[in-house]
Structure formats: structure tokens, C-alpha cells
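Work through the exercises below with the structure open beside you. Each task is followed by a solution in steps.

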Amino acid sequence: MSIRNGVTRYGITRPELEELIAEWDEPRFRVDQVWDALWRQRIPLEDATALPKALRTRLAEALPLSLDVHTEQTTPDGMTTKWLWTTSDGAQVEAVLMRSPSRATVCISSQAGCAMACTFCATGQAGFERHLGTDEIVEQVVRAQHASPQRVSNVVYMGMGEPLANYDAVWSSVERLHGDLGLSARHLTISTVGVVPGMRRLAQEDLPFTLAVSLHAPDDDLRRTLVPLNDRYPIAEVLDAAVDVAGAHGRRVTFEYASIEGVNDEIRHADALARLLRAWPGVGGAHVNVIPLNPTAGFPGRAPNRQRLRVFARRLENAGIHATVRRPRGVDIDAACGQLRARGPIPATPPTSDTMAP
Ligand code: SAH
């Protein structure tokens, strides 16, 4: 067989599938049927009943999945599901499906672990294991789709890992999610801690994906205590690279701000952030997502109360900066931002609401 060694079900390209089907002396139209089931109908291969059973079995053996389910947890309302998968070499990968009446979003991992070491992030606390391959990244979305009663519409690269530290595999996954799975590029959000060379490369790409930048502080002195990478790429450089990306695609950039009580949540921080972003010349402007800190084992900080978060966001709004307070989702199954390495059973408490209410 001449297809790549170790090629997986969502890693095989269409030309490779054509070759495989030809080698097996199957009629050419089978290529369309297989492709249609995997990418257009988004159904598991076993359910592709348009294909003869023997062919399905043969395909399943030749093209294994790249992820084995280790655990799957769903909130009592059925709207949030978290998976922990194991790769063929034993690395752990996590993703979260978040549904609401209007959309279904999958939050996916780009690396097993992360080398960025942001102090408040569970993945950062645990360290780096390895990069994920394109197939392992794409398969997270497909597997979440198989479990979702709604069509998956949005993908955010906000699970484990720094997407731009694994640039090639991540960009290929964007191309496959767009080209093969048919997701709108605008609904694909790449979140970065500010890897400037990667951001410059993103500005050269032609798909109009959405960029999110994890800022968390309005000045370098504070930011470097939360985000070690700030020593390499300080705020001014990160913002400058974000201008490039915004200009390339005419898309508004989102700035993430994990709000930590007594650390970065005061009025003076909001004012400094507003000054910084008002002066930022990116096309489409800036949007700030204020995320209440999710608790992690290795960081002593905690989230401000809702009132304080609202005051912070309103202060930004009044200064002309769009801001949203994100309501945490999946905290009860350790599936919230920065918690994906945490472990624990599903408690009986009701889940948080899915709205992003200011
Ligand atoms: N490495 C990328 C993407 C992964 S994290 C990045 O840094 O953007 C996705 C978002 O969750 C980031 O904004 C990250 O800072 C935030 N996050 C991490 N840990 C968190 C925590 N404990 N509470 C709230 N947000 C957190």
C-alpha cells in the first residue's frame, strides 16, 4: 500500500483516498461516498450505510481514528460535554463542546500540554508534552460533532496548548475545517498568548479566521507576572502584530482578559486598558472578553465577583471599547478555560448558564 504509514481517518487527504480505493479495485464513486460521510454528513464511518459493510470494515482497519476516548463528561443540562482522549502514543488531549440554542462551539487543543507557563493556567502549570498533528486537531471537532445533536458551527483554539507554537499543524487544521468540514473561516478563532512571529505569519494567510489575543494586563510589568512570554514579546510588539492580522482580514480582534481579584481587576487597570486599546489602530477595532479567573490548583488567585466584573467592563464600554463579561461554562466539570488539565468527577450541582451576559 502506498499511502502514508500511520495515516488516520481524518488525516487522509482526498487524493490519498482515491489512491487507496483504486488499489482496492473499488469503483471510483466510493471515494465520493466515503468523503461525503466523513466530512459532509459528518457521521461516524460505522454509520455510513451507503457503503457495503465489508468496505466499511476494511476502511476502519486501514484508517484508524487517532484518538481513543478516555473519559467523557456531560453537564446535567446536556449542553456542555468534555472529552479526555488518548493518542496512539499515550498523550492526552482534551476538548469541550458547548451548545446553546443558536450555536455549537468546540474548544479544541493544539498541543498536549503547553510550554508557555502562564501562571494561572492549569495546562501551563503542568508543562509541555508534545505537539498535536493536524489529524489529531481536526478529529477533536469531528468527534464532538458526532456527539452533538446540533451542527457544530464554531471552533475555538482555546483548549490545551499554544496554537502558534505548533503553527503548521494548526494552520493545516484550519484549512481542513474550512475546506473539508465546511466551517466558515470567520467562525474559527485562533487564540494566542502573543507569539509574534506566528501572528506575522497569520497575517499572510488568506482565510478570514478570527484572532484572539490573551492580554490579561494593560502594562508589561503586570503582564510579565502572569504571562512569562511577555519578556520575549512585550505588549507593544504583540499589539503591533495584531494590527497586521486585523488589516489582512478586516476582522475585529478579541482581547482576552482573565480577571483576577486584586491583581488586574481595578478601575485603574480598566482605564489603562482602555487607553491602550483606544490607541490601537487595528481595523475593526478591539473587543475585550473579560473572563473571570477559573480556579486552578497551582495558582492562589480568585475571580472578582460579578458586580466587580461588570463595573470593569462598563468602564471599558464608557471609554469606547467593546467589552463582554464571559460567563464561565463547564467549571463544574473542570471544562472551563485554563482548567482542562484538572481532574474530577461531575458533581451534582447545576451547570452555569451558557449566555455571555454583560
Ligand atoms: N495558548 C492560547 C490558547 C489557550 S488558553 C492562549 O493563551 O490564548 C485560552 C484562554 O483561556 C486564554 O486567554 C487563557 O489565558 C485563558 N485561561 C487560561 N487559564 C485560565 C484560567 N484559569 N481562568 C480563566 N482563563 C484562563
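**Exercise 1.** Find how helix H10 and helix H11 cross, and which residues make the contact.

Solution. Step 1: the axes of helix H10 (residues 267–278) and helix H11 (residues 306–318) come within 9 Å and cross at roughly 30 degrees. Helices are DSSP runs of H or I with at least four residues, numbered from the N terminus. Axes are lines fitted to C-alpha atoms over the stretch in contact, and angles run from 0 to 180 degrees between N-to-C directions.

Step 2: H10 and H11 are therefore roughly parallel to each other. Angles under 35 degrees count as roughly parallel, over 145 as roughly antiparallel, 65 to 115 as roughly perpendicular and the rest as oblique.

Step 3: H10 passes H11 in a right-handed crossing. A crossing is right-handed if the near helix is turned clockwise from the far one by less than a right angle, and left-handed if anticlockwise.

Step 4: Ile267, His269, Ala270, Asp271, Leu273 and Ala274 of H10 touch Val311, Phe312, Arg315 and Leu316 of H11; contact means heavy atoms within 4.5 Å. By class these are seven nonpolar, one polar and two charged residues. Ala, Val, Leu, Ile, Met, Phe, Trp, Tyr, Cys and Pro count as nonpolar, Asp, Glu, Lys and Arg as charged, and the others, Gly among them, as polar.

The model is predicted, with pLDDT of at least 70 needed for local features and 80 or more for side-chain atom pairs, while totals for chains, interfaces and linings use all residues. Residues are numbered from 1 along each chain as its sequence is written, and side-chain values use heavy atoms, without hydrogens and water.

**Exercise 2.** At what angle do H1 and H2 pack, and which residues meet?

Solution. Step 1: helix H1 (residues 14–23) and helix H2 (residues 29–40) pack at about 135 degrees, their axes 9 Å apart. That makes H1 oblique to H2.

Step 2: the crossing of H1 and H2 is right-handed.

Step 3: from H1, Arg14, Leu17, Glu18 and Ile21 meet Arg30, Val31, Asp32, Val34 and Trp35 of H2. The contact of H1 with H2 holds five nonpolar, no polar and four charged residues.

**Exercise 3.** Which residues come nearest to the ligand?

Solution. Step 1: of the 22 residues around the ligand (a heavy atom within 4 Å), Phe120, Ser191, Ser214, His216 and Asn294 come nearest.

Step 2: a backbone N or O atom of Phe120 lies 3.0 Å from a ligand nitrogen atom.

Step 3: an N or O atom in the side chain of Ser214 is 2.6 Å from a ligand oxygen atom.

How values were computed. Helix = DSSP H or I, 4+ residues; strand = E, 2+ residues; numbered from the N terminus. Polar contact = N/O pair within 3.5 Å; in protein donor to acceptor, adjacent residues only side chain to side chain.
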